[in-house]
Amino acid sequence: MSVFNSSGLYPRFLLTGFSGLENAYSLISLPIFLVYATSIAGNITILFIIRTESSLHQPMYYFLSMLAFTDLGLSTTTWPTMFSVFWFHVRDIPFDACLVQMYFIHVFSIIESAVLLAMAFDRFIAIREPLRYATILTNNVIIGIGLLIAGRALALVFPASFFLKRLHYRAVNILSYPFCLHQDLIKTTVSSRRISSIYGLMVVICSMGLDSVLLLLSYLLILGTVLSIASKSERIKALNTCISHICAVLTFYTPMIGLSMIRRYGQNASPIVHVLMANVYLLVPPLMNPIVYSVKTKQIRDRVLKKFKKQKV
């Protein structure tokens, strides 16, 4: 088998949909298309509502805007290859295009994890220091947090692409999903993957691993603060402000943990299960976040209903 690297001819990479169900792709693509359409429409609506309603120009909704923008980025990064496989049965993807897609998928995933952590910090300040909330989370502080979140993700993932490009691959490489992920590309290399694997693990630990620990710590502090409130009604009110965020955290981390468990312990599972879990990991959070915040956050729900009523009139 021929071997290629970045100094010579580039190898071919073939994306994979649901193996054995190729004849049903037109049917399978329908719910996937609806998920993408709903995700994009929902997140654009969230951004539009927050942008146009001056009463929502508050720290909580600025962080929600970051989350919606990140979900839009994640959706638009994956849909081109997804539908090239399911609609046009085109599986080939150039090596550089695969690296670019992989880079942005992981960047947006790390950004989403960090935004969820920032939102937990926002809830902690709102509950712990309600009178100083606006003076602590000023616009400059929020901008700084946003730049730090984006800068960390961009810097962490960039070396991974560089390491992958220096590795050797077979002439034809079959990927496991209809999009490019770091752990999937590493599996196709025929040269030593030790450095890339170690670096990939470090990125996960320094981003989502650290974020999840800090998220847990944040909610322990929030719970301690809530329990110190004397009034039962005030305790319930404080906890209700966290419901939407808790749902967003579970929506993001549950599919990610499920995909990791399948990859590690599900070697005997059908390839369809692996592809399905990967799709759930990338498609469900952008779909559910705008729905959760529209349903559970009264300010967002009221503004959305108000806009729809105006359109009907």
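## A nonpolar surface patch

Leu 30, Phe 33, Leu 34, Trp 87, Phe 88 and Val 90 make up a nonpolar patch on the surface, and together they have about 600 Å² of accessible area. Patches consist of residues with over 30% relative accessible area and no salt bridge, where like charges are joined within 9 Å and nonpolar side chains (Val, Leu, Ile, Met, Phe, Trp, Tyr) within 5 Å. Accessible areas come from the Shrake-Rupley method with a 1.4 Å probe, and for residues only the protein chains shown count as cover. Phe 88 is exposed, with a relative accessible area of 56%; exposed means over 50%, buried under 20%, and partly exposed in between (1.4 Å probe, protein chains only).

This is a predicted model, in which local features need pLDDT of at least 70 and side-chain atom pairs count only at pLDDT 80 or more, while totals for chains, interfaces and linings use all residues. Residues are numbered from 1 along each chain as its sequence is written, and side-chain values use heavy atoms, with hydrogens and water left out.

## Record annotations and helices

UniProt, in an unreviewed entry, places the feature "domain: G-protein coupled receptors family 1 profile" at residues 42–293. UniProt positions are given in the numbering used here, feature names are shortened, and annotations may be inferred rather than shown by experiment. Over residues 42–293 the chain is 79% helix and 3% strand, and the end C-alpha atoms lie 10 Å apart. Helices (H or I, at least four residues) and strands (E, at least two) are DSSP runs, numbered from the N terminus.

The unreviewed UniProt entry also lists "transmembrane region" features, among them residues 198–230 and 274–293. Residues 198–230 are 91% helix and 0% strand, with end C-alpha atoms 49 Å apart. Residues 274–293 are 100% helix and 0% strand, and their end C-alpha atoms are 29 Å apart.

Helix H1 has 28 residues and reaches 40 Å from its first C-alpha to its last, close to the 40 Å expected at 1.5 Å a residue. The expected span is 1.5 Å times one less than the number of residues. The buried residues of H1 include Tyr 25, Ile 28, Ser 29, Ile 32, Tyr 36 and Ser 39. An α-helix has 3.6 residues a turn, so residues three or four places apart point the same way.

## The sheet

An open sheet of 3 strands has the order S3-S2-S5, with mixed pairing. Its edge strands are S3 and S5 (172–174), each pairing on one side only. Two strands pair if DSSP finds at least two bridges between them. S2 and S3 pair in the antiparallel sense over 2 bridges, and Phe 13 stands opposite Ile 93 in S3.

## Salt bridges

The model contains 6 salt bridges, each defined as a side-chain nitrogen of Lys or Arg within 4 Å of a carboxyl oxygen of Asp or Glu. In one of them, Asp 92 pairs with Arg 12, the closest N and O atoms being 2.7 Å apart. This pair links distant parts of the chain, with Asp 92 in strand S3 (residues 92–93) and Arg 12 in strand S2 (residues 12–14), 80 residues apart. Asp 92 is partly exposed at 40% relative accessible area, and Arg 12 is partly exposed at 41%.

Glu 53 and Arg 303 also meet in a salt bridge (3.8 Å, N to O). Glu 53 lies in the loop between helix H1 (25–52) and helix H2 (59–86) and Arg 303 in helix H11 (residues 298–312), so the pair ties together parts that are 250 residues apart in sequence. Glu 53 is buried, with a relative accessible area of 12%.
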